Amino acid sequence: MSTIQEVQQEIVDEFAVFDDWMDRYNYLIELANELSVIDEKKKNNDYIIKGCQSRVWLNAEFEDGKVIYSAESDAIITRGIISLLIRVLSGREPGEIINAKLEFIDQIGLKENLSPTRANGLLAMIKQMRLYAIAYDAKSKKNEQGE
Amino acid sequence: MSMTGFNIEKIRADFPVLAQKVHNKPLVYFDNGATTQKPLAVIDVVNRYHSELNSSIHRGVHFLSDQATNAYENARREVQHYINAKESHEIIFTSGTTGSINMLAFSFGERYIRPGDEIIITEMEHHANIVPWQMLCERKGSKLKVIPFNDLGILQIEKLSELITEKTKLISVTHISNTLGTINPIREIINIAHRHNVPVMIDAAQSIQHARIDVQELDVDFLVFSGHKVYGPTGIGVVYGKEKYLEELPPYQGGGDMVDEVTFEKTSYNVLPFKFEAGTTNYIGAIGLSAALQYIEDIGIAKIAAYETEVLNYGTQQMEELGYIRIYGRSPQKASILCFGIEGVHMADAGMIFDKLGVAVRIGSHCAQPVWQHFGMTGALRASIALYNTKEEIDYLCKAIRQVKTMLG
């Protein structure tokens, strides 16, 4: 499996072919359809990440030492960006996720969408993804100690 | 020149911020309901006071302090004149509409509200005219009642008489809704309230820049607004209150300048308006606000209102012609606010694309979540119009909407 850094570079390369923002946004709209969609039953307030402008739901399962994310948003472009985040972070060990530096968002020209003032839930979503990783990390360490 | 006879090119040139490009596109600024841009007349006076005449007011015995104090008190008289208050000491400077309502909720609440008393607001209030009253109700064990609006966004004023009881102590209503654009019949509300001896507070945050306000003619008891929504600086606002009430209300904040004599046993308070202006006030903000009001007076609020209505009606008509726009707020009495949704498109997606096209709108609940609860939604897009907006900008907005629809619909 590629490293986080490699996947980020892949994404940066994919976006490099687009000359303007409209093509980038159109690509994000396309990617929105590839999102690992959260179980419909979990689209509730327990899983919601509230942004003022769009809503995001996030779940993480821990399987064979790896964190598997699924999510959903009611806004398409936000959903496209989430699908990229999941592509980079999902299926990895908690330690990798905790230490990941997410540089691709800036590099593909979407930095402004991560500004706290945008209130679209993305920044909170990244934080929540890390928190899941930290929680599963603590859980697995505890289990190791228990054995 | 517009048909209403004011020179839009000249007005636009007065606002330097409008000349810039955003993402390489000319800025089309339709977020005036959130804050308006500032004319040079305001920018220059704020700059001049910071560079030449800055000094703490009401305290100094020196030249600069006298100058700043005079300018501040002149600003108070300008506000008095602008809303036709009877006395200049009926004008209290605050930090903004939110600061104003919090002040009133505290001071009025301390003086007049007892357990079981009632305060009436409307379903279309900004959070700033809901939450301070809710906090007051929690403190005092009193009750908040709400005048509903219908699906057109018109206040169901016929329900007011049923809502008023002998326990009703205050009615607080927005003049113009920041989401629906509805111009509420405040004169009628004040008349009904006064028949029951209930005072009325008007939230003029969205009307001071669009409509003529005469507090004596309205016979309104309290009226509040912000400087930054009327082309003035941020961090300055106003409470107008009838003298008979302001004399009765206890101070909101304690500190310097609001006192007469301070001993550790007992402090006596200063007279109006200083009783409500603790600490170093935002005097340069007040002076800037005064410049903004003078700027409006030079053009004429009636002309501004007529022009803005022309642009609003044009915008409404152009959006309707697209065929996939739903407009929220269909009151025939409406000003400057155009909240809308694009069929099949999430507002957050539309907002992101608008931004790239240089169009500044607001999306979300616009700090009025109950309005959207009424419609079973979380919010909408909002284009809000100021005196410098044009029909060409409306055309550009509609072009942006078509592009959004192509990409996402």
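Helix α1 (residues 4-16) and helix α3 (residues 76-89) of chain A pack at about 145 degrees with axes 8 Å apart; axes are lines fitted to C-alpha atoms over the stretch in contact, and angles run from 0 to 180 degrees between N-to-C directions. The model is predicted: local features need pLDDT of at least 70, side-chain atom pairs count only at pLDDT 80 or more, and totals for chains, interfaces and linings use all residues. Residues are numbered from 1 along each chain as its sequence is written, and chains are lettered from A in the order in which they are written.

**Helix contact, chain A**
- On α1(A), the contact is made by A:Ile4, A:Val7, A:Gln8 and A:Ile11, and on α3(A) by A:Leu84, A:Arg87 and A:Val88 (contact: C-beta atoms, placed from the backbone, within 7 Å).
- Five of these residues are nonpolar, one is polar and one is charged (nonpolar: Ala, Val, Leu, Ile, Met, Phe, Trp, Tyr, Cys and Pro; charged: Asp, Glu, Lys and Arg; polar: the others, Gly among them).

**Domains, chain B**
- Chain B is assigned domain 1 (8-30 + 300-408) and domain 2 (43-298), with bounds from an automatic or database domain assignment.
- Their C-alpha centres lie 28 Å apart.
- Domain 1 gives 23 residues to the contact and domain 2 gives 20.
- On the domain 1 side, α11 (301-322), β14 (337-342) and α13 (369-375) each give two or more residues (helices are DSSP runs of H or I, at least four residues, and strands of E, at least two, numbered from the N terminus).
- The largest share of that side, five residues, comes from α11(B).

Notes. Two residues are in contact if their C-beta atoms, placed from the backbone, lie within 7 Å.
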